[in-house]
Amino acid sequence: MTETALTVQQIARPNGPARPGHFRFVESPVPAPEPGTAVVENLYWSVDPYHREMMDENPYGSFELNTPLEGRTLGRVLASRAPGLVEGAIVFHRKGWRTHSVVRPEEATPVPDFAGVPLSAHLSILGGTGLTAYVGLTRIAELRPGQDVFVSAAAGGVGTATGRLARLMGAGRIVGSAGSDAKAAYLTEHAGYDEVFNYRTGGPVADQLAKAAPAGIDLFVDNVGGEHLGAAIGALRRRGRVVRIGTVGQYDTAGRPAPVAFDHADVVEKSLRIEGFLVADHRDAQEELYAFAVPHLQSGRMGLDETVVDGFERIVDAFLGMLRGENLGKIIVRRAE
């Protein structure tokens, strides 16, 4: 056991893109558990787009300055004085962005051990990322076999999970957008997509979407907003659905985003439905996700899309790289051996 713990704190609010200077690493002794708590030595950390939103002052929740940041984390119980938290057990909790966390039983969940499934999957396809995609496709969009799907930011964590899950659920044509030709090639070769276009170089999104899905789409899973949202509304067929998951395109910018341009009459004339959701409101779907996804992971029908960064000291770099689109799939930081 190391004698020093590291914690990441946010020390300033960004005005534009987040930078290394907005964070600091703080050293402290490894904590000891008090009655009713356990100390967890963290092994894997998730860095997510919503973290950037919480760096700003916003009405939906913000990180407090000069305090440890939160985040989805997997760790091993190092020392316990809490019933139900057994030393040596692997648990999931949200007191991340630190090497060691003190948790209470209600703050930590034992992680199931599925034979042949890597532990990191509990932060990607089996974690909040995969649960977001699963809930969006099933509970919000009610995807039916044969329906055609368009996904923005298809090479990100939710985007790759959406493509893989939709394919296994029997979707028809699956189209995505990504920020490079290499990402587009990966998605069509490995992640279940039929066609993916490069939104950075191929011209207006609406034109590229019309070419990739000339007969239109039934469902748009939106991780970006902006031009992608406007294009998708134009391409949706009657009774099409838009599932709003995020707006990553505006998280790391200064000022208000440009208005989304689309024919508002389309929403009425085509009886479209646009719905957003928070995955935190659908925790009860976790067992459904396990039941659906784990057999496919164990059989090899579904792979993992993860960018793994080694070393907690690189967590800020991993986060900023994710905001720049440097990851393919879910980006995860792993404790260096």
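Glu288 and Arg139 pair their side chains in a salt bridge, with N and O 2.9 Å apart. The pair links distant parts of the chain, Glu288 in helix 9 and Arg139 in helix 2, 149 residues apart. The model is predicted. The protein chain carries 10 helices and 15 strands. Its radius of gyration is 20 Å, close to the 20 Å that the globule rule gives for 337 residues, so the chain is as compact as a globular protein of that length.

**Salt bridges around Arg139**
- Arg139 also meets Asp284 in a salt bridge, at 3.0 Å from N to O.
- This pair too joins distant parts of the chain: Arg139 sits in helix 2, and Asp284 in the loop between strand 13 (273–276) and helix 9 (286–299), 145 residues apart.
- Arg139 is partly exposed, at 29% relative accessible area.
- Glu288 is partly exposed, at 34% relative accessibility.
- Asp284 has a relative accessible area of 54%, over the 50% cut-off, so Asp284 counts as exposed.

**Other salt bridges**
- The count comes to 18 salt bridges.
- Arg237 bridges to Asp148, with the closest N and O atoms 2.8 Å apart.
- Arg237 lies in strand 12 (residues 236–244), while Asp148 lies in the loop between helix 2 and strand 8 (149–151), 89 residues apart.
- Arg237 is partly exposed, at 26% relative accessibility.
- Asp148 has 14% relative accessibility, under the 20% cut-off, and therefore counts as buried.

**Buried sites**
- Helix 6 (residues 226–235) is mostly covered, with 7 of its 10 residues buried.
- The buried residues of helix 6 are His228, Leu229, Gly230, Ala231, Ala232, Ile233 and Ala235.
- Ser120 lies in the loop between strand 7 (108–110) and helix 2 (128–140).
- Ser120 has 7% relative accessibility, under the 20% cut-off, so Ser120 counts as buried.
- Leaving out residues up to four places away in sequence, Ser120 touches Tyr44, Leu304, Glu306 and Ile332.

**The chain as a whole**
- The C-alpha atoms fill a box of roughly 60 × 45 × 35 Å along the principal axes.
- Of the 337 residues, 52% count as buried.
- Among contacts between residues at least 6 apart in sequence, 68% join residues at least 24 apart.
- The accessible surface comes to about 15100 Å², and 51% of this belongs to carbon and sulfur atoms.
- The chain has 34 positive and 40 negative charges, and their mean positions are 2 Å apart.

Definitions and conventions
Residues are numbered from 1 along each chain as its sequence is written. This is a predicted model: local features need pLDDT of at least 70, side-chain atom pairs count only at pLDDT 80 or more; totals for chains, interfaces and linings use all residues. Side-chain values use heavy atoms; hydrogens and water are left out. Helices (H or I, at least four residues) and strands (E, at least two) are DSSP runs, numbered from the N terminus. The radius of gyration is taken over C-alpha atoms; the globule rule is 2.2 Å times the number of residues to the power 0.38. Buried means under 20% relative accessible area, exposed over 50%, partly exposed in between (1.4 Å probe, protein chains only). Contact means heavy atoms within 4.5 Å. Accessible areas come from the Shrake-Rupley method with a 1.4 Å probe; for residues, only the protein chains shown count as cover. Lys and Arg count as positive and Asp and Glu as negative; His and the chain ends are not counted. The place of a charge is taken as NZ of Lys, CZ of Arg, CG of Asp or CD of Glu. A salt bridge is a side-chain nitrogen of Lys or Arg within 4 Å of a carboxyl oxygen of Asp or Glu.
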